[in-house]
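Biologist: Please take me through some of the labels used for the helices here, and set each against its definition.

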Amino acid sequence: MENSADILVPEHFDGSEAVSASETVNRISELSKKGYQLMKEDDIPGAREAFNAILEIEENNNYALVGLGDTERKQSHFTQAISYYRRCLDFYPSNNYALFGLADCYKAQNQYSKAIEIWQRYLEHDDKNITVITRVADAYRKTHDFRKSKDLYLKVLDMERDNAYALIGLGHLNYDFKEYKDALYYWTRVYELNKDDVDIRVITAIGNCHRKLKTFEQGTRYFEMALEKEPKNFYALFGLADCYRGMNMQEKSIEYWNKILEIDPKNKVILTRAGDAYRTTGNFDEARKYYTKALEIDFDIYAAIGLALICKGEGKLEETAERFENLIKDDPRNSRLYVDLADCYVAMNRKQDAVKLLSDFLRYDSRSAAISSALERITKS
């Protein structure tokens with residue numbers, strides 16, 4: 001940080017001015033240390049008082065302005081913090097602490113472009129700062145700039161081969177862009193480096209990669225490992241349920257959907273997933289209960305589809321067709337509904353109606369692969 005002790009001394013003086021200047025510097029230093037110590041102790045009013053006392057001694061002192069910015073940032077008062085950091089930078093344009101704090105405030109406000117601009121200014125003075133480079137890479141990831149983000153993460157790994165933040169960032173970056181094998185590679189490296197104390201989020205992230213890659217059995221191993229650390233972890237419970245669903249082990253998936261519902265009984269997405277699992281096993285009564293509970297919370301298209309498919313499974317084809325026709329009226333662009341209704345028409349010996357339904361849809365959306373595939377299947381049957 002720039003030294004506020006750089007005080008010009010007159011050519012002719014009797015010594016008292018030097019003593020006074022020295023006392024001033026010492027007093028500012030003491031107040032600054034006190035302010036940061038109080039901040040560590042979460043005594044924000046005390047810290048603010050100490051930093052303001054510095055400003056009474058020396059207006060626009062950089063230690064005080066950064067300190068006041070830090071107190072506001074710690075309370076998530078980002079607009080106020082920004083004003084202090086900017087005031088400091090007006091007088092000390094290259095103050096790294098003010099630049100760092102200012103960029104972090106913009107990041108917290110999701111103003112990633114502004115954060116990047118400030119961090120780049122920081123790196124002009126300290127281009128080897130791994131923490132800042134990683135933050136810039138994170139910000140580029142948030143703005144979906146894959147190439148710049150990846151380049152900076154890799155730069156960090158060149159400087160520090162096993163930097164966990166860069167490895168985790170590369171995992172997130174590749175996962176966001178559906179590069180699941182690459183994401184799995186980076187997150188597995190983090191896991192291998194610190195097996196005994198790895199963050200549970202890394203474990204569930206590895207499980208999610210396996211889930212996306214449909215290597216479900218390997219995914220269950222990581223989700224179970226996460227549950228050993230945190231038995232009620234939502235992501236681990238969800239991951240296990242979804243892996244068992246993917247392995248067509250519906251009874252096991254039901255077990256974990258219900259574990260989530262014990263914690264969050266009004267989660268309509270999970271209610272619908274559980275309903276699907278019960279329906280797949282042929283337990284229509286339980287499935288109907290879960291779908292109905294979901295719809296009582298709020299309309300859910302998948303729960304409504306589930307109820308229609310129960311009717312189909314029970315051989316109530318007229319009611320099934322009516323349900324899908326009503327759903328299409330409310331959601332005329334949903335291709336899934338047309339495929340299900342067409343299949344229902346075929347089961348009712350109304351093949352021409354099914355062909356017409358799908359052909360009409362293709363006039364509005366000729367690119368729908370699901371509709372084209374269904375139409376081809378029905379016309380060839």
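Modeller: Helix α6 (residues 112-125) has 14 residues and reaches 21 Å from its first C-alpha to its last. Helices are DSSP runs (H or I, at least four residues) numbered from the N terminus. This is a predicted model, where local features need pLDDT of at least 70, side-chain atom pairs count only at pLDDT 80 or more, and totals for chains, interfaces and linings use all residues. Residues are numbered from 1 along each chain as its sequence is written, and side-chain values use heavy atoms, with hydrogens and water left out.

Biologist: Why is Arg-211 called buried?

Modeller: Buried means under 20% relative accessible area (exposed is over 50%, partly exposed in between; 1.4 Å probe, protein chains only). Arg-211 has 15%, so it is buried. Arg-211 is found in helix α11 (residues 200-212). Not counting residues up to four places away in sequence, it touches Tyr-175, Phe-216, Phe-238, Gly-239, Asp-242 and Cys-243, a contact being heavy atoms within 4.5 Å.

Biologist: Why is α10 called roughly antiparallel to α11?

Modeller: The axes of α10 (residues 180-193) and α11 come within 9 Å and cross at roughly 150°. Angles over 145 degrees count as roughly antiparallel, under 35 as roughly parallel, 65 to 115 as roughly perpendicular and the rest as oblique. Therefore α10 is roughly antiparallel to α11.

Definitions and conventions: Helices (H or I, at least four residues) and strands (E, at least two) are DSSP runs, numbered from the N terminus. The expected span of a helix is 1.5 Å times one less than its number of residues. Axes are lines fitted to C-alpha atoms, for helices over the stretch in contact, and angles run from 0 to 180 degrees between N-to-C directions.
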